[in-house]
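Keep the viewer open as you read.

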Amino acid sequence: MNLSAKTVVLIAIGAALYGIGGLPMFGIPVFANTTLKPAMAVLALFSVLFGPLVGFLVGFIGHWVTDLFAGWGVWITWVLGSGIVGMLIGLYPKITKERLEKGLFSKLDFTLFILLAFIGNVLGYGCSAFLDAVLYAEPFTKVLAQLTIIAAGNTVLIAVVGHFILTAVAKRKKQSYNLKEAY
């Protein structure tokens, strides 16, 4: 797999923003070791704009950075979960045939965005919860509660912030997409 220099820089910037933005001081604590992070909007944005590989790596590396700097140790199960969330949301451009690149962002596109965010959170952090229960003998009820809170909270957060950002991106793309070169 060859990554261009641009892609590597995008991953580094996205992971840094997601990683630092995911620190507890920027989040809203809601349950045992569970925080709603506004940085999820960063993950969603990078995933939608640059695809599943960038989304996965921004989520994976960014969550690793959060865990590392937060001081509670790296929970690889949740790091993997963030990568899966980014990867699944990153399917958006393929599914919508890259309509956002053309400056199009309909209600159907927004609904699909929310659906991918929800599925990504349920599957990604569902994997994390399952692995925590199996590998670390975490109580099933605890990890299920974490999953439920995170999937619902992150989906709402991503939907609200994502709507404003993606509407602005579509407007900007539409302006530049309609430009024609003068001869």
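Ser 128 sits in helix α6, which covers residues 107-135; helices here are DSSP runs of H or I with at least four residues, strands are E runs of at least two, and both are numbered from the N terminus. With a relative accessibility of 0%, Ser 128 counts as buried (buried means under 20% relative accessible area, exposed over 50%, partly exposed in between, using a 1.4 Å probe and protein chains only). Leave aside residues up to four places away in sequence, and Ser 128 touches Thr 77, Trp 78 and Gly 81, where contact means heavy atoms within 4.5 Å.

Before going on, some ground rules: this is a predicted model, with local features needing pLDDT of at least 70 and side-chain atom pairs counting only at pLDDT 80 or more, while totals for chains, interfaces and linings use all residues. Residues are numbered from 1 along each chain as its sequence is written, and side-chain values use heavy atoms, with hydrogens and water left out.

Trp 78 also turns up where α4 meets α3. Helix α3 (residues 52-70) and helix α4 (residues 76-89) pack at about 150°, their axes 6 Å apart; axes are lines fitted to C-alpha atoms, for helices over the stretch in contact, and angles run from 0 to 180 degrees between N-to-C directions. That makes the pair roughly antiparallel (over 145 degrees; under 35 is roughly parallel, 65 to 115 roughly perpendicular, and the rest oblique). The α3 residues in this contact include Gly 55, Gly 59 and His 63, and among their α4 counterparts are Gly 83 and Gly 86. By type, the contact residues split into 10 nonpolar, six polar and one charged (Ala, Val, Leu, Ile, Met, Phe, Trp, Tyr, Cys and Pro are nonpolar, Asp, Glu, Lys and Arg charged, and the others, Gly among them, polar).

How does α2 cross α4, then? The axes of α2 (residues 40-50) and α4 come within 8 Å and cross at roughly 45°, so these two are oblique to each other. On the α2 side, the contact is made by Met 40, Leu 43, Ala 44, Ser 47 and Val 48, and on the α4 side by Ser 82, Val 85, Gly 86 and Ile 89. That set divides into six nonpolar, three polar and no charged residues.

Finally, the annotation. An unreviewed UniProt entry lists transmembrane regions that include residues 72-92 and 112-137. In the model, residues 72-92 are 71% helix and 0% strand, with end C-alpha atoms 33 Å apart. Residues 112-137 are 92% helix and 0% strand, and their end C-alpha atoms lie 35 Å apart. UniProt positions follow the numbering used here, feature names are shortened, and annotations may be inferred rather than shown by experiment.
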